Amino acid sequence: MLSLKPTRLFVTLVTKIRPSQRGLSQDAATAGHSPHPNVDQREVDTLGKLSEEWWNPSGPLKGLHSMNALRVPLIRDGLISTGLVPKEQIRTPQVLSGLNVLEVGCGGGILTEALARIRANVVGIDPGEKLIQVAREHAELDRKIGGRIRYEVETIEEHAQANVDRYDAVVASEVLEHVQDKVSFLEHCVMALKPGGSIFITTLDKTTASWLGGIVAAEYVLKLVPENTHDWEKFISPLDVQRILKTLNCETILVHGMAYEFWRNSWSWCKKTDINYALQAVKSVEE
């Protein structure tokens, strides 16, 4: 989930909170057991506790709400650039009309609804039952978008098996940093993607800066997200993501850094990818 740029104020906490100390004990690992090997039930439960605040734009998830200012244009413009959007739709409010999008790890639907508002047909999946219930209830409040959204309590591994080559876009936003087996996760994301379709990812790089900003500052100093929301060992560099996607016949065409200014709850694009970054890759069309 969200992070921010580290400052010298955080250095004093370095000796108190080390990445190695964030590993689960045997008891904690047992408590976090899930029937799905790529789902950390402990993290699902942590996010589930925020279900009642999910749609509060000034609440603990306000950073996810404001991130839509970058995420929606990223997906919209990315699909335009690859030629999937008809020319007559590009400058209209119905820009993604007729396109099928899968959001993996959709949570309570913050990004899902935003994509439905520009007329995409969106399927949102998440292993958290509480969050899917919140997402369904909120979508029902607006009949204009409700018919274009379907939510399922499902993992990508389950969903992809029944939906091979189905989607024009697969989105995994603020999800990859919670996944243990990233190769399997991305493999199934790509499995559900049509040849010529795009996968969009936003996540955190695995650097000292991301540990200081995304964990020490965001969780322990500024309390932007609950403690233990992130595990630095699960972070991944954009280069490693690109390498995995290349083995899955996907070409990375865009990598952007993302900067979060917490004092005004605002996101912007930047050159540095050492904390947050966004990536788009296109699945090759087999000849």
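Visitor: Is His178 buried or exposed?
Guide: His178 counts as buried because its relative accessibility is 12%, and buried means under 20% relative accessible area, exposed over 50% and partly exposed in between, using a 1.4 Å probe on protein chains only. Keep in mind that this is a predicted model, where local features need pLDDT of at least 70, side-chain atom pairs count only at pLDDT 80 or more, and totals for chains, interfaces and linings use all residues. Residues are numbered from 1 along each chain as its sequence is written, and side-chain values use heavy atoms, with hydrogens and water left out.

Visitor: Where is the place of His178?
Guide: His178 sits in the loop between E4 and H8. Strand E4 covers 167-173 and helix H8 covers 182-191. Helices (H or I, at least four residues) and strands (E, at least two) are DSSP runs, numbered from the N terminus.

Visitor: Which side chain does a polar contact join to His178?
Guide: That of Glu43: the two side chains make a polar contact of 2.9 Å. Such a contact is a pair of N or O atoms within 3.5 Å; within protein, one must be able to donate a hydrogen and the other to accept it, and residues adjacent in sequence count only if both atoms are side-chain atoms.

Visitor: What does UniProt list for "binding site"?
Guide: The unreviewed UniProt entry gives Glu174, Glu177 and His178 under that heading. Positions there follow the numbering used here, feature names are shortened, and annotations may be inferred rather than shown by experiment.

Visitor: Where does Glu177 lie?
Guide: In the loop between strand E4 and helix H8. Glu177 has a relative accessible area of 0%, so it is buried.

Visitor: And where is the place of Glu174?
Guide: Glu174 is in the loop between E4 and H8. It counts as buried because its relative accessibility is 5%.

Visitor: What is the phi of Glu174 near?
Guide: It is near 60°, a positive value in a residue other than glycine. Most residues other than glycine have a negative phi. Asn265 also has a positive phi, near 50°. Asn265 is placed in the loop between strand E6 (250-261) and strand E7 (266-270).

Visitor: New topic: is Arg264 buried or exposed?
Guide: Arg264 is exposed because its relative accessible area is 52%. You will find it in the loop between E6 and E7.

Visitor: Which side chain does a polar contact join to Arg264?
Guide: The side chain of Glu261, at 2.4 Å. Look at Gly63 too: its C-alpha atom is 9.9 Å from that of Arg264, although the two are 201 residues apart along the chain.

Visitor: How many helices and strands are in the protein chain?
Guide: The protein chain has ten helices and eight strands. It has 287 residues, of which 54% count as buried.

Visitor: What is the mean pLDDT of the protein chain?
Guide: The mean is 89, and 87% of the residues reach 70 or more. The pLDDT is the predictor's confidence in each residue, from 0 to 100.

Visitor: Where is the pLDDT below 50?
Guide: Residues 3-16 are one such stretch, with 34 contacts in the model beyond near neighbours in sequence. Residues 20-33 are also below 50, and that stretch has 16 contacts counted that way. A contact means heavy atoms within 4.5 Å. Where pLDDT is low, the predicted coordinates should not be read in detail.
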